[in-house]
Amino acid sequence: MAGSIEIEGLTKSFGGFRAVDDVSFVAEDGKITALLGPSGSGKSTALRMIAGLERPDSGRITIAGEDQTRTSVQERRVGFVFQHYALFRHMTVQQNVEFGLRVRKEDPAKRRARVLELLDLVHMTPFAERYPGQLSGGQRQRVALARALAPQPKVLLLDEPFGALDAKVRHDLRRWLDELHRELGVTSLLVTHDQEEALELANKIVVMHEGRVEQVGSPGDVYDNPTTPFVAGFVGSANVLHGSVVDGHIHLGSFRLPGASHLQDGASATAFVRPHDIRVAGGEGDVKAVIERLASLGWLTRVTLRLDDGEALVAHVPNEELHGAVEGDRIGVDLRNPKAFLKSESEQPTDA
Amino acid sequence: MAAVVAIEQDAKRPEGRARPPSGAALRRWSLRGATFVYLGLFILLPVVAILQHGFGDGLANLKAALDTFGAKAAIRLTLEMAALTAIINGIFGTLLAYVLVRIRFPGRDLLSTVVDLPFAVPTLVAGVMLVALYGPSSTVGGWFEAHGIHIIFAPLGILLALLFVTLPLVVRSVQPVLLELDPAEEEAARVLGAGRWTTFRRVMFPALRPAIAAGCLLAFARSLGEFGAIVIVSGNRVNDTLTAPVFISQLLQPGHYGSTGGPDPAAAVSAVLFGLAFVLVLVTEKLVSLGKERS
Amino acid sequence: MSAPPTERVKPSPAGDEDLTRLRNADARRGRLVRGVMLAVALVYVSVLLLAPLAGIFIYALKSGLGTIGQTFSQPDVRHAFLLTFVIMAITVVVTTFFGVIVALVLARDRFPGKRLVSALVDLPLAVSPVVVGLMAVLLFGRGGWFEPFFASRGIQIMFALPAMILVTIFISIPFVIREVVPVLQELGMEEEQAAWTLGASRLQTFIRVTLRNIRWGLLYGIALSAARAIGEVGAVLIVSGTLTGKTETATLYILRAFDQYQDQQGYIVALTLATFSIVLLIGIETFKRRRTAEAD
C-alpha cells in the first residue's frame, strides 16, 4: 500500500523501563492517524522509532511497502515536525525550508520554486528573510511544517506539534492542519496527549497507555465504544462509579444500571457514564440526586449532582431540559449508555 | 492503582542516544577513542611521569628538594602571596562584578573589556609593564623608591603582578551568578525594613558566597604557579623574592644549585604544588555546579 | 542597587512629608554608596591594569621611533616573532580540532568516568608552566621515557621546535573545550535530528548545523587559546634551551633582553606583544558578547 505505515510488534526498553511494549497498528495511506495517550505512554518513542531517531529492540516498521526497520534516518525520507520546532536558528525561514532540497542537491531553480510554493501554502511568504528568533510559536511551527514537506516525504510524522503553543493558536493551527491535509493528502501520523485534537483531526486513533496499545479505531469507535476502562476514562470525560455485578446489571448502592451482561456475576465492576449521557428524567429516572452546582456553558449547563450515598456526578444538560431547576433541587436523572468493566482491569482515569 | 505513569518520556531517554543502526557504534567509539588518546597522551602521561619521578623513590626526592637552600622560603613566599592575592582580589573582584552588573554608567562595556585585559596579555609582558611603571628609572617608580616603598624586586611587586593576572578570574566567577540573582528578593528585604548593608549580608552574600569562593580559589591556584609575570618583576632573590615556580625552574638548570642530581627533586616539589592547585580547581568546579543547582 | 527606592511600610499619621523626606534621603544615600563603589572600582582597575599598560606604551615609545625600527631590523627579533606565530598557529589548529571532538564527547556522550575526563581537561589550568616544562623534560629529555624512541630515529624533540609546540599545546588544551561544551549542552540535539530527517548526512549536519551553532563559543575559545599560546614563557623556557635565532620565541627574547640589560629592545618587543594582545582582546570581547547574546 503506497505511503502507508505498518507497525508490527514494536518494542523498546530504556534500561529496565519498557517504554514501548509490543505495539502494532497500521496508518493508512493518505489518512491522519493519531497516537493518543498521556505522557509516558510511549507514543513519542514509537514515533521516533518510525522516523529512525531511535532503534527498536524488536518489531518491524514498514513504510510504503518497504521494510525500514534497520535503515538510517536519512534514507527513510520521512517528514518530521518537532514539538519545539527545531528550526535552524542561524538560517532564515527560506534557508530552513530549502534545507532538505539543498541536501539532496536539487537544481537551484526548482528549489526556489518549491520553497515559494510551500511558503505560500503555509502563509509565510512575507517572512522568508526572517530568522526563527523573530517569529512567534505558531509561525515557527508553520515553517517547520513547510520544511518537513519540502522534500516531498512519503509520510509526515508530527510529535505533539501544538504542545508548546497557546490554546487559541493551537485551535487555529489544528484547523489549518486539517485543511492542509485535505489538500495534500500525505499519510500523517500525529502524536498527541490532547484527545480533543485527536478526535477532531484523526481518521484513526491509536490509544496508548504505559507503552501498550489500548484500542485502535475511528474517533467514533473510541469514544462511543471504549474497549478498556482506560480508554473509557481517557477519551472524553466520564463519571466513574463503582459497584458489583448482579444478574447482568451493575449495582451501585441505591440503584442499578444495565450493560453488565458480559461480566461475571458477583464481580466488582466499574461503570463509566459520559456527562452528556446523564439526562433529567421524565419521571423517577434511574436515581435521585441533589443539584449542587449549576454552571452555564452556553447552550449547555454543567450540573454537579450529589447522590444520596455521597457520590458526585457531573452532567452536561441542555438548558431546556432543566425546566428551571435551581441549586438545591432534588431531581431524578437517567444514566444512559453506561460502559462497564471488571474492577480488576480498571485503572483510575480522571473523573469528569 | 495509581493513575498514569508520570515519568516524562524525555527524562528516560538517554541524552544524545538518538542513533539509528549501523556505523553508530563505530562513530561513537572513534570519537571517544580520539578523546582518550588526545587527553591520555597530552595530559595523563605527563602527569604520571611527574608522579613517578617525584615519588618513585618514596619521599627522598621531596626531602632533597625541600632541603635545598631557599626552598622552604620560596614555598612560604608563594603561599603567602597566593593567599593575599586571593583575599584582595576576592574583595575587589566582587566589587567590580557588582559594579558591572548593577550600576549603569557610561563606559561600562569599556570597563568590562579592560577587566579581561589580563586574559589577553602575555604574563611576561604584564611583568614588563610593571617594571616600566614602577622601575627605578621611571618617574612613578622613582617617587616610590624615594619614599622607601620598594615595588620592583620586592614582594609588593610580586603581589601587584599576581593581582593583575588573577583579577578577571574572580570577576568572571562572580558576575554570572550576580546576573542570575533576582532583584525582587532584595526589594522584598528592603520593603520589610532591612537596611542596605543587612540586605547585602543576609540576601545577596549567601547566594554569592560559592561563586566568590570559587573565584578566590581559582586566583589562589593560579598564583601558586605563576611564572611569567613574576620572573622579571621580583628579581628572584633567594630567601627574599624567590617564588616556588621560579625556584623549580632554577632547579632544572644544571649546576645552578648543584646539590641534587637530575630533575627528580624538582618533580617532587612540582607534584606537590600542582596537586594542590588541581585539587583547588576541582573544588572550584564543584562549587560552581553547586551554585548552579541552587538557582 | 538599580531597583528604585522602596517605601518603608510604616503607617504614619505624620503624613506624606515624612515619607518623602525618608525616601529622598534613602535615594541620596543609595546614589552616594553606588557612586563610591563605582569610584573605588574604577580607581582599582586604573591603577592595577591601565597604569601599567600606559606605562609600557610611554616607556617604549620614549626611545623614539628610530629605536623601534632598529629593533625590528634585527634578525633575531624577527625570527622570534615568526617562531611565536608558528607555534601559536599549530597550537590553535591542534587544540581546535581535538577540542571540538572532546567537547562533543563531553556534551553528548555518556560513559563511566566522564567526570574524570572533564577533570583532566581542567588540569592544565592548574599546572604551573614551569611544571609543564618539567613534564616535557621527563618524557623527552635525556633519560626520558620517549627519548630513545626519537633519538634512534634522529628526531630531536627537546631543545627544538617540537617540544615547544607540545608544551604550548598542553597549556592551551582547556580553552576551546570549556567554551564549546556549555554551548553544545544548551543547544541540545534537536536541530541535528531535524537535519537528519531532512536527509543530511552526519558530516553535512555537523558542518551546516552544529558548527554554525557553536561558532561564537568556538571563536571565543580559539581567541583565548591563541592569546595563551602567544604568552607562554615558563614552559618554553625550560624546553627550548634558548638557542638564539633558533628556539627563541618573542617572550624568551624579552627575558634574554632584560637579562642582558638590553632593556629598550625588551620593552619594544613587549610593547608589540601588548599591542597584539589588545587586538586579540577586542576579538575576545566581540566573540564573548555574541556568544552571550545567543544564550538568551
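1. Chain B holds 14 helices and zero strands, where helices (H or I, at least four residues) and strands (E, at least two) are DSSP runs numbered from the N terminus. Its pattern along the sequence is α-α-α-α-α-α-α-α-α-α-α-α-α-α. This is a predicted model, in which local features need pLDDT of at least 70, side-chain atom pairs count only at pLDDT 80 or more, and totals for chains, interfaces and linings use all residues. Residues are numbered from 1 along each chain as its sequence is written, and chains are lettered from A and ligands numbered from 1 in the order in which they are written.

2. Confidence in chain B comes next. The mean pLDDT (the predictor's confidence in each residue, from 0 to 100) is 81 for chain B, and 88% of the residues score at least 70. The pLDDT is below 50 over residues 1-21 of chain B, a stretch with 40 contacts beyond near neighbours in sequence; two residues are in contact if their C-beta atoms, placed from the backbone, lie within 7 Å. Residues 256-260 of chain B also stay under 50, with ten contacts beyond four places in sequence. Where pLDDT is low, the predicted coordinates should not be read in detail.

3. Of the 295 residues in chain B, 45% are buried, that is, 20 or more other C-beta atoms lie within 10 Å of the residue's own, with C-beta atoms placed from the backbone (exposed is 12 or fewer, partly exposed in between). Among contacts in chain B with a separation of 6 or more, 76% join residues 24 or more positions apart.

4. In chain B, the axes of helix 4 (residues 71-102) and helix 11 (residues 196-225) come within 8 Å and cross at roughly 145 degrees. Axes are lines fitted to C-alpha atoms, for helices over the stretch in contact, and angles run from 0 to 180 degrees between N-to-C directions. The crossing of these two helices of chain B is right-handed; a crossing is right-handed if the near helix is turned clockwise from the far one by less than a right angle, and left-handed if anticlockwise. Helix 4 of chain B contributes residues including Met81(B), Asn89(B) and Gly93(B), and helix 11 of chain B residues including Ile212(B), Cys216(B) and Phe220(B). The contact has nine nonpolar, eight polar and no charged residues, counting Ala, Val, Leu, Ile, Met, Phe, Trp, Tyr, Cys and Pro as nonpolar, Asp, Glu, Lys and Arg as charged, and the others, Gly among them, as polar.

5. In chain C, helix 3 (residues 75-108) and helix 9 (residues 202-231) have axes that come within 9 Å and cross at roughly 145 degrees, again in a right-handed crossing.

6. Chain C is divided into domain 1 (1-62) and domain 2 (67-295), with bounds from an automatic or database domain assignment. Their C-alpha centres lie 40 Å apart, and five residues of domain 1 of chain C contact five of domain 2.

7. Helix 1 (residues 43-51) of chain A is largely enclosed by the rest of the structure, because nine of its nine residues are buried. Lys43(A) and Arg48(A) are among them. Just after this helix, Gly52(A) takes a positive phi of about 100 degrees.
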